[in-house]
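Have the sequence and the 3D view ready, and look up each residue as we get to it.

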Amino acid sequence: MCGNVKLGVVCCCKYSFDYKAATEIYEGIKSKLNEIPDVDWILWDKMLVTAEDAEDAAKCMATNLVDGCVIISGTFHLGHIPLIINSVIRRPLLLWALDELPYNGGKIRLNSVCAINLNASNLYKSGIKNFTCNIGSEIDFNWIDAMKMIKAIKGAKLGIAGYSAEGFFNVNVADLDLYKYADILVNHYELKELYSKEGTSPQPVTAKDISDIYKCDCIQESKVEQVAQLSESMKIFMEEKKLDALSVRCWPEFAEVFGMAPCAAMSYLQGLGYTIGCEGDIEGTLSMLAVKRLAGHAPFMADLSQVNFEEDYALMWHCGVAPYTLWDEVSERSLSDYRDGGKGMTADFVMKNGQITFMRIDTANGKTRVFAERGTVIPMSKDLRGTYCKVRFEKSIREIINTVTETGVAHHVAMVYGDYLDAIREFAKIMGFVMIE
């Protein structure tokens with residue numbers, strides 16, 4: 001729902017350097033930038049030389065509501081320019097220095113690196129720290145990815161139905177903390193609102209939709225209908241409320257009142273692209289929203305459930321809520337009601353192999369942190385209920401366990417396929433979060 005990230009681009013120069021060469025380089029950069037997907041570029045054509053030039057460009061960026069701005073030092077230039085742009089837009093900046101050109105007459109031609117040094121020092125000493133420096137012929141793609149994550153969470157319409165699960169005090173977060181760092185005003189709803197929606201959406205969920213995805217031989221046909229009914233009701237609810245993401249207190253009351261836990265419905269809806277987090281974990285759900293924007297596919301809210309120190313792996317598990325699209329295509333993808341006296345309807349399957357990154361936004365003791373690691377999902381058989389995978393991390397599992405327990409990181413992470421650790425580090429830096437690794 002957040003749309004493409006919108007990024008401004010300007011290029012600065014000084015006429016005493018080779019500004020004509022810098023102008024040619026800038027034209028080439030603009031062409032390359034327009035090829036990058038999922039970004040709306042606001043490209044300022046005129047080279048910035050004076051403070052007045054900077055004011056004109058900054059007003060354009062502000063009018064276009066850019067999410068961030070790339071300031072290219074085509075040559076060495078006036079130190080006023082980035083400061084003026086920052087004063088007007090107050091958005092993250094990428095300071096980009098170009099590689100020096102070959103000498104053609106005994107004089108340095110661009111002196112671009114010296115300019116980025118000047119700009120970074122000016123910003124840092126004025127208390128501005130949400131800038132990133134990049135040197136070379138290519139833009140910093142990790143910065144772009146970080147900006148996409150910020151775009152996904154800033155001002156997101158986030159809902160919570162119920163509260164955190166019983167005893168899960170560690171996933172609670174103050175509403176105004178979320179507003180402070182992400183401009184989010186949490187919308188609070190009652191659980192009943194999730195399963196009481198009547199009517200149908202343009203493409204209503206049917207029992208056949210459910211049985212086409214999951215093997216349902218082990219449950220009654222009426223329960224398949226109930227999963228479809230709940231999926232449809234939750235889908236209508238999220239669409240009516242225009243929610244980017246929803247966190248649900250999925251136990252203990254849900255099964256008792258509705259007659260069925262929402263796990264299977266959540267698995268199905270996440271496979272359709274809806275972002276839904278378990279157990280009333282708002283920052284865990286927000287983490288899912290952030291990494292989904294990175295990867296372009298649904299993440300998995302996972303528990304670090306079991307560890308094997310001898311073989312150095314962990315089981316990333318949760319009780320049947322992983323998006324069905326993450327299935328390994330080998331195990332049987334099924335539904336079961338083994339929990340809560342037959343009311344705990346869950347999806348059961350092993351998740352696919354491949355490289356993964358997991359992260360969590362986590363506020364504690366007045367500081368918001370980001371915990372992130374990467375690893376590889378390795379093959380395993382379907383040995384238990386729920387949705388799960390076996391992961392071997394770059395670090396030893398003992399080191400990871402020590403980190404999460406010693407720093408008090410909450411027990412849910414957003415797991416996504418792909419390597420995004422560098423982008424997550426950049427995201428944490430720009431947001432001013434403490435990075436835990």
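Here is a short tour of strands, one arginine, some salt bridges and the nonpolar cores.

First, some ground rules: this is a predicted model, where local features need pLDDT of at least 70 and side-chain atom pairs count only at pLDDT 80 or more, while totals for chains, interfaces and linings use all residues. Residues are numbered from 1 along each chain as its sequence is written, and side-chain values use heavy atoms, with hydrogens and water left out.

**Strands side by side**

Let's start with strand β6, residues 158–161. Helices (H or I, at least four residues) and strands (E, at least two) are DSSP runs, numbered from the N terminus. In β6, L158 and I160 point one way, G159 and A161 point the other way, and all are buried. "Buried" means under 20% relative accessible area, "exposed" means over 50%, and "partly exposed" is in between (1.4 Å probe, protein chains only).

Strand β6 pairs with β8 in the parallel sense over four bridges; two strands pair if DSSP finds at least two bridges between them. Here G159 stands opposite L246 in β8. β6 is also joined to strand β7 (residues 187–189) by three bridges, again running parallel, and A161 stands opposite Y189 in β7. To get from β6 to β7, the chain passes through helix α6 (residues 175–182), and this β-α-β crossover is right-handed. That means that, with the strands pointing away from the viewer, the path from the first strand over the helix to the second runs clockwise.

**An arginine tucked in**

Now find R249, in the loop between β8 (245–248) and α10 (253–258). Is R249 buried or exposed? It's buried, with a relative accessible area of 12%. The side chain of R249 reaches the backbone oxygen of S164 at 2.4 Å. Not counting residues up to four places away in sequence, R249 touches several residues, including Y163, E166, L191 and F254; touching, or contact, means heavy atoms within 4.5 Å.

**Opposite charges**

Side chains of opposite charge can pair when their charged atoms come close. A salt bridge is a side-chain nitrogen of Lys or Arg within 4 Å of a carboxyl oxygen of Asp or Glu. How many salt bridges does a search of the whole structure find? It finds 23. Here are some of them:

| Pair | Closest N and O atoms |
|---|---|
| D212 and K208 | 2.8 Å |
| K235 and E232 | 3.8 Å |
| R374 and E394 | 2.8 Å |

D212 and K208 are four residues apart in helix α8 (residues 207–213), so about one helical turn separates them. K208 is exposed, at 54% relative accessible area. K235 and E232 both lie in helix α9 (residues 221–241), three residues apart, and both are buried.

R374 is buried, at 15%, whereas E394 counts as exposed, at 54%. Elsewhere, D281, R360, D362 and R369 are linked in a network of salt bridges.

**The nonpolar cores**

A nonpolar core is a set of buried Ala, Val, Leu, Ile, Met, Phe, Trp, Tyr and Cys residues joined through side-chain atoms within 4.5 Å. The largest one has 135 residues, and W41, I210, Y214, M316, L335, M415 and F427 touch the most other members. Helix α12 (residues 282–295) gives this core its largest share, eight residues. A second, separate core has 25 residues, among them M61, C69, I81 and L123.

Note on methods: A polar contact is a pair of N or O atoms within 3.5 Å; within protein, one must be able to donate a hydrogen and the other to accept it, and residues adjacent in sequence count only if both atoms are side-chain atoms.
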